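Please look at the sequence and the 3D structure below before reading on. The notes after them are meant for a reader who is new to protein structure.

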Amino acid sequence: MSYTYSANDMSVGDLDGDGQYEYLVKWDPSNAKDNSQSGHTGNVFIDAYKLNGTRLWRIDLGRNIRAGAHYTQFQVFDYDGDGRAEIAMKTADATVSGTGQVIGNSGADHRNSSGYVLSGPEYLTIFNGANGAILDTINYQPARGNVNDSTAARTSSTAPWPSAPTDRPCGTPASATATPST
Ligand SMILES: [Ca+2]
Ligand SMILES: [Ca+2]
């Protein structure tokens, strides 16, 4: 499987609290696939950079997060209010953090023969913005639900800031099941 990488989605946040933004880039392999397309894909990377282009760290989402427009939505926000942004996204077995920590089962391969990942655990992980280390990992909610070869998960997320009672930002991952029209 031969492929190249190009920059995809991007977001910004002050990851180290120095008052300047850093930027995060999702690198998509050239064989990324929409939910409607079968096939195996390369791994997706999330890289953090200083404004001068110096790379701080890389998260490798691993073989169990498929590459495509609907699979990885990452949030960059200062969730705990300490002046440094964290990063939140869906992860899976064998995702590797910016400091080399492996999530779940490093050897697991949940891809089916068509390259879809329709089984296996899904997680929501919060990463330390300064070094990409894992702060916490929980089971992803909502759960995957019923999927088969003609349906696939699409995810979205946002970082709302509710007022009372918390007055704190919180992440709200979501997912929907879509059936391709073909
Ligand atoms: Ca900064
Ligand atoms: Ca923070």
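What follows is a short briefing, grouped by topic.

This is a predicted model, in which local features need pLDDT of at least 70 and side-chain atom pairs count only at pLDDT 80 or more, while totals for chains, interfaces and linings use all residues. Residues are numbered from 1 along each chain as its sequence is written, and chains are lettered from A and ligands numbered from 1 in the order in which they are written. The chain has zero helices and ten strands. Here helices (H or I, at least four residues) and strands (E, at least two) are DSSP runs, numbered from the N terminus.

**Whole chain**

- Of the 182 residues in the chain, 29% are buried; a residue is buried if 20 or more other C-beta atoms, placed from the backbone, lie within 10 Å of its own, exposed if 12 or fewer, and partly exposed in between.
- Two residues are in contact if their C-beta atoms, placed from the backbone, lie within 7 Å.
- Among contacts with a separation of 6 or more, 57% are between residues 24 or more positions apart.

- Strands of a sheet pair through backbone hydrogen bonds, either parallel or antiparallel.
- Two strands count as paired if DSSP finds at least two bridges between them.
- Four strands form an open sheet in the order E1-E2-E3-E4, and their pairing is antiparallel.
- At the edges are strand E1 (5–13) and strand E4 (55–60), each pairing on one side only.
- From one strand to the next, the twist averages 20°; axes are lines fitted to C-alpha atoms, for helices over the stretch in contact, and angles run from 0 to 180 degrees between N-to-C directions.
- Five bridges hold the antiparallel pair of strand E3 (residues 45–49) and E4, and Phe45 stands opposite Asp60 in E4.

**Sheet E5 to E8**

- Another open sheet of four strands has the order E5-E6-E7-E8, with antiparallel pairing.
- Its edge strands are E5 and E8, each of which pairs on one side only.
- Ignoring direction, neighbouring strands of this sheet are turned by 25° against each other on average.
- E5 and E6 are antiparallel and pair over three bridges.
- Strand E6 (residues 86–92) and strand E7 (residues 122–128) run antiparallel and are joined by seven bridges; Ala88 has Ile126 in E7 as its bridge partner.
- E7 is also joined by five bridges to strand E8 (residues 134–139), again antiparallel, and Leu124 has Ile138 in E8 as its bridge partner.
- E7 and E8 form a hairpin with five residues between them, and Gly132 in the turn has a positive phi of about 75°.

**Nonpolar core**

- A nonpolar core is a set of buried Ala, Val, Leu, Ile, Met, Phe, Trp, Tyr and Cys residues joined through C-beta atoms within 7 Å.
- The largest such core has 23 residues, of which Leu24, Ile59, Ile65 and Ile87 touch the most other members.
- E3, E4 and E6 each supply at least two residues of this core, and E6 gives the largest share, four residues.
- Beyond four places away in sequence, Leu24 touches several residues, including Met10, Ile46, Phe74, Val76 and Ile87.

**Val76**

- Val76 lies in strand E5 (residues 75–77) and stands opposite Ile87 in E6.
- Val76 counts as buried because it has 25 C-beta neighbours inside 10 Å.
- Leaving aside neighbours within four places in sequence, Val76 is in contact with Ser11, Val12, Gly13, Leu24, Ala85 and Ile87.
- Val76 and Met10 are 66 residues apart along the chain, and their C-alpha atoms are separated by 9.9 Å.
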